[in-house]
Amino acid sequence: MQNSHLQEFAQLDGVSFSKNEHGHITVKIENASATAEFSIFGAHLLSFTPKNQEDLFWVSKKAIFNNTKAIRGGMPICWPWFNAHPSDSTKPAHGFARISEWELVHITHLDENKTEVIFKLNDSEKTQALWPHAFGIQLKFIINSKLEARFTVTNTDTKAFTYATALHSYFNVQDISKTQVLGLDALNYINTVGGTRAKEVQQGPVSISQEVDRIYLDTPTTLTIKSPSRTIAIASKNTQTTVVWNPWIEKAKSMADFGDDEYKEMICVENCNIEHDQVTLDTGLSHTMIIKFSAI
Ligand code: BG6
């Protein structure tokens with residue numbers, strides 16, 4: 001049975017598991033450099049806290065951990081489509097990876113400062129009903145003073161397939177009114193607020209003073225989020241689209257798993273392969289998106 005071997009990992013130094021009343025399992029991993037926490041459901045990163053720092057990630061106080069609903073916060077994996085399914089709105093938003101039970105393959109302390117964690121998910125009858133392709137996806141994390149996430153998709157089918165991905169990070173910022181995203185100046189973006197797709201051009205840093213839902217195109221390999229107490233750096237490879245999202249007041253109120261005022265303390269900056277940056281993979285081939293998160 002998948003994940004029946006979790007007890008073995010619980011023997012490792014700094015590794016502990018907990019389970020809630022819904023059978024939802026989280027694993028906390030601590031080494032000399034940092035602490036990170038994951039949900040097995042969704043292979044979902046919930047927190048990453050380098051020593052003597054605040055958590056880089058944000059999770060709503062109203063997040064639901066019931067192995068059914070996607071978790072509001074941390075880093076959901078949106079795959080193999082982004083937002084609504086392109087042709088069937090009855091399929092789950094943002095794909096099925098974030099609402100699937102992954103296998104925790106291993107946790108290895110590489111040294112006292114560095115721990116590797118690997119999750120994997122293969123196609124099954126359930127995924128084939130939603131997306132008719134054979135695949136293997138793997139999410140590898142390296143917990144150090146920085147956090148590295150490597151998301152690899154392998155085509156194990158007999159024909160090519162095309163997919164979209166978003167590593168949908170929710171960052172913890174003290175005060176959204178004093179937060180800026182740098183690195184997107186002068187780039188084209190698609191403004192999707194209100195279901196429109198207006199083409200606009202970014203002027204200067206991104207500041208948030210209303211609902212923001214934007215797909216930035218041809219984005220660079222380094223972005224930074226400047227907030228009053230610190231700067232979060234996001235360094236990436238093999239991703240050229242970036243979504244910036246903050247629901248602001250009305251949308252926050254409409255979401256059951258999002259506190260009314262919590263829009264003030266979070267921002268999503270999502271490393272994606274969406275729009276013209278979707279990936280087409282031939283049989284037997286793999287593609288890896290790599291992201292490094294750090295506080296500077
Ligand atoms: C963002 C999208 O990535 O995710 C938004 O750009 C969407 O349009 C948001 O509202 C949250 O989506 P969900 O499915 O987690 O509520």
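Trainee: Let's start with Asp218: in which loop does it lie?

Mentor: Keep in mind that this is a predicted model, where local features need pLDDT of at least 70, side-chain atom pairs count only at pLDDT 80 or more, and totals for chains, interfaces and linings use all residues. Residues are numbered from 1 along each chain as its sequence is written, and side-chain values use heavy atoms, leaving out hydrogens and water. Helices (H or I, at least four residues) and strands (E, at least two) are DSSP runs numbered from the N terminus. On that numbering, Asp218 lies in the loop between β17 (212–217) and β18 (222–227).

Trainee: And what value is its phi near?

Mentor: Asp218 is a residue other than glycine, yet its phi is positive. The angle is near 55°.

Trainee: How many residues of β17 are buried?

Mentor: Buried means under 20% relative accessible area, exposed over 50%, and partly exposed in between (1.4 Å probe, protein chains only). Both faces of β17 are covered, with Val212, Arg214 and Tyr216 buried on one side and Asp213, Ile215 and Leu217 buried on the other. The strand is largely enclosed by the rest of the structure because the buried count is six of the six.

Trainee: Which residue stands opposite Tyr216?

Mentor: Two strands pair if DSSP finds at least two bridges between them. β17 pairs in the antiparallel sense with β14 (residues 188–191) over three bridges, where Ile190 has Ile215 as its bridge partner. β17 also pairs with β20 (residues 241–246), again antiparallel, over six bridges. In β20, the residue opposite Tyr216 is Thr242.

Trainee: Now the nine-stranded open sheet: which are its edge strands?

Mentor: The order is β6-β7-β8-β9-β23-β19-β18-β13-β16, with antiparallel pairing. Within this sheet, β19 (residues 230–237) and β23 (residues 286–295) pair over six bridges, and Lys237 stands opposite Ile290 there. The strands that pair on one side only are β6 (103–111) and β16 (206–207).

Trainee: Which peptide bond is cis, with omega near 0°?

Mentor: Look at the loop between β5 (77–78) and β6, which holds Pro80. The cis bond runs from Trp79 to Pro80.

Trainee: Is His94 buried or exposed?

Mentor: His94 lies in the loop between β5 and β6, and has a positive phi of about 65° although it is not a glycine. Its relative accessibility is 9%, so His94 counts as buried.

Trainee: How much of the ligand's area does the protein bury?

Mentor: Consider the polar contacts, meaning pairs of N or O atoms within 3.5 Å (within protein, one must be able to donate a hydrogen and the other to accept it, and residues adjacent in sequence count only if both atoms are side-chain atoms). A ligand oxygen is 2.8 Å from a side-chain N or O atom of Arg98, while for His94 the distance is 3.1 Å and for Asn83 it is 3.4 Å. Taken alone, the ligand exposes 390 Å² (Shrake-Rupley method, 1.4 Å probe). The buried part of that is 86%.

Trainee: Which residues is Ser100 in contact with, leaving aside its neighbours within four places in sequence?

Mentor: Ser100 is also found in the loop between β5 and β6, and it counts as buried because its relative accessibility is 12%. Contact means heavy atoms within 4.5 Å. On that basis, the partners of Ser100 are Ile40, Phe41, Gly42 and Leu121.
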